[in-house]
Every structure is written in structure tokens, then in C-alpha cells.
Amino acid sequence: MIDFGTLMKYLQANVDSSLERDHFDRQIRNICQCIFKSAEELIDPNDREYCFELFGLDIIIDENMHCWLLELNSNPSMDAANNQVLNIKLRLLGRFSYFS
């Protein structure tokens, strides 16, 4: 697992220097919208306040820089296999102010 910034640096240095984050953001956002639109009635059917669900999406990028959904995890692991993974997950949790 690598963070998106590291991925972008790698792709710009080794694949296409003109690649921009927005190229992937649009594709990943579209994948997410399709997933959650198809399951919107199953996610929090009781409309609870002050809670959230965490999903893990595994996305691959093909040789044409197209993003594809590999799998969706409704219960992603929060284990930290190494410091890089730990930092990514801590930044994710830090986005929710009540964890800070």
C-alpha cells in the first residue's frame, strides 16, 4: 500500500510527466458514486446520526491510466503492517475531528 502522493510521483517520473491527480480523482469519484448509489438503501437504513461506515476500495490502474475497481471491503483491516501503512490510516482517522 502506498499513499496517493507517492503513487503520483512514481507515475509522473516513470510513466507520464503530464499526469495530474484530477485524472484519477474523477475516475475514483465516479467508481465511488456508482458503488454507493447502488447500495444507498442498505447503508445506514436507520439514518443514524453521528456515525459513519468505513469501506476499503482496492483500485488498480491499467496501462492506459484507467482506474478499475478490484474489490470493495465493507470491513477493511485497520492493521498496520508497517509505518507507511500506519501513517496512511492515522491520517484517514485524523480527518474525523472527534478522533483528534
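Asp 22 and Arg 26 sit four residues apart in helix H2, so about one helical turn separates them. Helices here are DSSP runs (H or I, at least four residues; strands are E, at least two), numbered from the N terminus. The model is predicted: local features need pLDDT of at least 70, side-chain atom pairs count only at pLDDT 80 or more, and totals for chains, interfaces and linings use all residues. Residues are numbered from 1 along each chain as its sequence is written, and side-chain values use heavy atoms, with hydrogens and water left out.

Asp 22 forms a salt bridge with Arg 26. Their closest N and O atoms are 2.3 Å apart. A salt bridge requires a side-chain nitrogen of Lys or Arg within 4 Å of a carboxyl oxygen of Asp or Glu. The whole structure contains two salt bridges. Arg 21 also forms one, with Asp 25, at 3.4 Å between the closest N and O atoms. Arg 21 and Asp 25 both lie in helix H2, four residues apart, or about one turn. Asp 22 is partly exposed at 39% relative accessibility. Arg 21 is partly exposed at 45%. Buried means under 20% relative accessible area, exposed over 50%, and partly exposed in between (1.4 Å probe, protein chains only).

The largest nonpolar core has nine residues: Leu 7, Met 8, Leu 11, Leu 19, Phe 24, Ile 31, Ile 35, Met 65 and Cys 67. Such a core is a set of buried Ala, Val, Leu, Ile, Met, Phe, Trp, Tyr and Cys residues joined through side-chain atoms within 4.5 Å. H1 and H2 are the elements that give two or more residues to this core. Phe 24 is buried, at 0% relative accessible area. Met 8 touches Leu 19, Glu 20, Arg 21 and Phe 24 (heavy atoms within 4.5 Å), not counting residues up to four places away in sequence.

Two aromatic pairs were counted. One of them joins Phe 4 and Phe 24 edge-to-face, at 6.1 Å centre to centre and 75 degrees between the planes. Phe 4 lies in helix H1 (residues 4-14) and Phe 24 in helix H2 (residues 21-38), so the pair ties together parts 20 residues apart in sequence. Rings of Phe, Tyr and Trp (its six-membered ring) pair with centres within 6.5 Å; planes under 30 degrees apart are stacked, over 60 edge-to-face, the rest tilted.

Zero disulfides were found in the whole structure. The criterion is a pair of cysteine sulfur atoms within 2.5 Å. The sulfur of Cys 67 is 10 Å from the closest cysteine sulfur, in Cys 32, too far for a bond. Cys 67 is buried, at 4% relative accessible area.
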